[in-house]
Amino acid sequence: MGFYAITALINGITSSILGPLVYLKNRKRFTNKLFALFCLSVAIWSYAYFLWQISSTEFFALFWCRVLMAGAIFIPIFYLHFILSWVQKTKEKKKYLIFGYLIFIFFFFSNFTSLFVNNVSPKLVFSFWPNPGILYHPFLVLWIFYAVYIIYFLIKELRTAIGILRSQLRYILIGTIVGVVGGMTNYFLWYDIPIPPLGNWTSTFYVAIISYAIVKYRLMDIRVAIGKTAVYIFSFATVVGFGLLLAFLNNLLANPFPYYIVFPFVTFFGALIFKPCLKLYEKLASRYFYYTFYSHQKVLGELGEKLTSVLELGKLTSLIADTLIKTMKLDKTGVLLREPKTGDYRIQKIIGFKEENGISLVRDNFLTAYLQRTRKPVVYEELGLAIRDIKDKTEKEKLEDLRANMKRIEAKLCLPLFRENEIMGMIVLGRKLSGEPYSKQDIQLLTALSNQASIALENANLYAQVQDLSQNLQKKVDEQTEEIRRAYEVEKKARKELERLDKAKSQFMLATQHHLRTPLTSMQGYLDLILQGSFGKIINKKVKEKLIRFKTSTKNLINIVEEILNISQFQLGRKVVSFESNVPIEPILEEIISELMPEAEKKGIYLKLEKPEKLPKIRADAPKLKMAIFNIIDNAIKYTEKGGVTVKLEVTDSNLRILTKDTGIGIGKEQVKNLFDKLFERGEKAQKLFTTGRGIGLFIASKIIQAHHGKIWAESEGPGKGSTFYIELPINQ
Amino acid sequence: MKKRILLIEDDREIIDIYTISLQDIAKFKVEAIRYGFEALEWIKKVKKGKAKKPDLVLLDLILPDMNGLDILKEMKKVKETKNIPVFILTNYSSSQLRALGFKLGSEEYLTKTKYPPSKLIALIKERLKEK
């Protein structure tokens with residue numbers, strides 16, 4: 001088995017593994033299918049190449065040559081189609097594909113005739129080397145054309161590619177150049193040019209480069225599959241190796257245990273240690289190669305779901321930062337939120353970064369404005385390209401500053417968080433521990449995650465505001481409650497004080513009444529008894545006269561005291577009246593008339609009462625009402641020198657009216673207004689007529705009538721023309 | 001037969017004035033009680049038949065040991081005293097006290113200064129005549 005056979009076999013094996021892995025990674029993705037087809041072509045070519053190399057007869061050599069060409073024919077078109085599909089330019093280059101497929105299908109069918117591969121013959125060290133048929137020549141031209149075109153296309157794409165794609169394309173290009181150049185060394189001998197296919201081994205190199213791109217730059221993203229496969233292979237190898245070791249030891253010790261015991265034991269033991277081996281190798285791969293055996297898409301997808309259930313801001317930002325750093329194996333991460341009103345950023349969670357470094361990114365508003373405008377993450381690797389493309393000098397400088405800053409603080413990605421088209425914050429990520437750049441898929445996933453995170457953070461913000469509000473509200477409610485309670489206490493105290501005061505007033509009134517009336521009662525009583533002769537007859541007329549005057553003065557004093565006590569009650573706001581229902585008014589008036597008649601007769605004036613037959617009963621405080629009416633009639637008598645006083649009762653629908661009409665001195669217009677005031681100034685004539693009058697009686701009468709919900713007023717045509725006093729009392733109260 | 005007047009009053013001068021008036025002028029038989037507890041004991045005695053019922057009671061509101069309205073209440077509770085006419089005779093011209101007095105069963109509420117002995121005697125005679 002020669003070198004060329006071995007290299008062909010290796011190519012075949014690697015293609016056979018790579019193709020299915022890529023296909024199984026995503027069966028629905030057309031790019032993956034195309035890569036699998038390409039790998040199939042390479043595998044057919046490689047295995048057939050191997051078999052051709054080990055063929056011992058011309059027949060089989062020719063056969064396998066034709067088989068390997070069958071694979072080789074489709075290599076360029078499948079590869080071109082794969083590249084175009086990968087960079088999403090299939091439609092653009094459709095004509096190349098259609099033409100390519102048509103022509104290479106034609107060549108495929110012609111491959112099994114001598115028109116394509118004519119025959120085989122010994123060339124250099126090879127026993128059987130194929131000779132071209134007539135159709136081989138155009139095929140070769142087209143094959144080279146497509147190979148060169150692929151390289152040209154890849155170079156063109158590399159110029160405009162950014163980020164991870166750029167790195168991937170770089171390696172694809174290198175691999176393609178190496179593979180094409182190496183593979184083309186196969187064609188010299190077809191035309192008897194004595195150059196052996198030394199470059200054949202570069203196909204292996206090409207496979208290695210592609211594998212490297214897969215591993216390092218997530219090409220075809222089958223890292224996880226490769227990793228898992230490797231771990232399983234190692235685990236299986238360990239179990240088998242251990243089993244073989246036991247069997248070897250048994251053999252070495254001259255078979256102390258028969259095979260029917262050793263075999264089941266080894267099998268059982270192997271099954272037992274397989275899983276622990278698997279876990280061990282997974283752990284090692286994770287630690288030393290930063291392999292994650294779970295797709296971080298899945299973890300981040302799960303994170304998105306978890307985000308919706310966390311409302312507390314601190315927990316939420318921790319969840320985001322912790323999950324990102326663990327899943328994507330990062331060295332640093334930070335979550336910053338922006339105050340909508342001030343635009344200032346606050347660090348919510350930071351791992352690995354220094355606080356001042358995190359804030360340095362947003363110190364000026366450039367990054368915020370840039371993210372607001374571009375609406376996509378800022379990737380450190382791509383900033384160079386962005387700087388190259390910008391025309392504006394100021395912006396160019398700003399971007400350069402940003403790039404320098406990101407480099408300084410070792411930030412590799414700034415992911416914006418949007419709320420209603422406004423930036424509400426950002427997630428800053430450091431580098432991956434594996435050293436890999438962020439792939440297109442990473443960025444897509446992070447962008448999707450950032451949308452969910454924005455919503456979750458907004459909800460957490462609102463929740464915090466509601467919490468704050470409710471706490472404030474609770475505080476305000478508590479404060480208000482406390483205020484109300486304090487106000488209530490104050491009011492309660494005030495009420496108690498008022499009650500006490502009221503009680504004190506009552507007590508004062510009662511005490512005053514008692515202390516004033518008691519001696520007066522004695523004075524009046526004893527005078528009465530003396531004048532009645534209870535202590536012996538009064539012989540001396542002068543003494544008797546003086547005693548009568550004494551009695552009169554005492555009576556006056558009693559009247560003054562009564563008036564003062566009555567006013568005091570009104571002044572102190574005491575409840576002066578105590579109503580009774582169905583009080584008849586005639587007896588009250590008849591009593592008053594009876595009491596005042598002597599005085600009227602003494603003055604030689606009349607005093608008469610006119611009343612209708614039926615009079616309604618009213619709700620009144622009889623003694624107080626009597627006092628009020630008494631004062632009015634008494635006044636009328638006092639200020640009448642000739643003629644007399646008529647007391648008339650009238651009934652309307654709702655009122656009982658008591659008129660006291662006199663033919664007395666009358667009242668001036670100005671005095672009528674103030675008649676019922678406490679400090680009413682009596683006219684000169686009134687003062688002369690009733691020198692001891694104080695004008696308080698009318699005040700007391702008006703208060704009593706008001707307390708009865710009635711009205712009292714006076715009318716007079718003027719001095720010397722008499723006056724009429726009206727008292728109106730409601731019938732139905 | 002002379003009418004009996006019970007005067008429940010603590011002031012000695014008032015007792016003196018009213019006793020002289022009612023006895024000497026009106027020719028009533030007057031008995032005076034100065035303390036509330038004495039009045040209550042009197043009620044018990046009347047109940048047991050150990051004291052004579054008066055024809056009328058003149059009741060002051062403020063006594064040294066209790067107020068007159070409590071005595072009035074007690075009188076109205078006892079069968080033997082509840083129908084004895086009671087005139088409250090007081091220095092207090094409170095409408096509330098007046099209303100309360102009537103509510104508890106007094107027949108008159110008289111202020112002392114307004115009802116000197118002569119006027120009081122006329123009122124008592126009027127009342128006892130009806131009786």
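Helix axes here are lines fitted to C-alpha atoms over the stretch in contact, and angles run from 0 to 180 degrees between N-to-C directions. Helices (H or I, at least four residues) and strands (E, at least two) are DSSP runs, numbered from the N terminus. The model is a predicted one, where local features need pLDDT of at least 70 and side-chain atom pairs count only at pLDDT 80 or more, while totals for chains, interfaces and linings use all residues. Residues are numbered from 1 along each chain as its sequence is written, and chains are lettered from A and ligands numbered from 1 in the order in which they are written.

Take chain B to start with. Its helix H2 (residues 36-48) packs against helix H3 (residues 68-77) at about 5°, the axes lying 10 Å apart. H2(B) and H3(B) are therefore roughly parallel (angles under 35 degrees count as such). On the H2(B) side, the contact (C-beta atoms, placed from the backbone, within 7 Å) comes from B:Gly36, B:Ala39, B:Leu40 and B:Ile43, and H3(B) brings in B:Ile71, B:Glu74 and B:Met75.

Chain B also meets chain A: 21 residues of chain B are in contact with 25 residues of chain A.

As for chain A, it has 22 helices and 14 strands. Of its 733 residues, 33% count as buried (20 or more other C-beta atoms within 10 Å of the residue's own, again placed from the backbone). Among contacts in chain A with a separation of 6 or more, 65% involve residues 24 or more positions apart.

Note on methods
Parallel < 35°, antiparallel > 145°, perpendicular 65-115°, else oblique. Contact = placed C-beta atoms within 7 Å. Buried ≥ 20, exposed ≤ 12 C-beta atoms within 10 Å, placed from the backbone.
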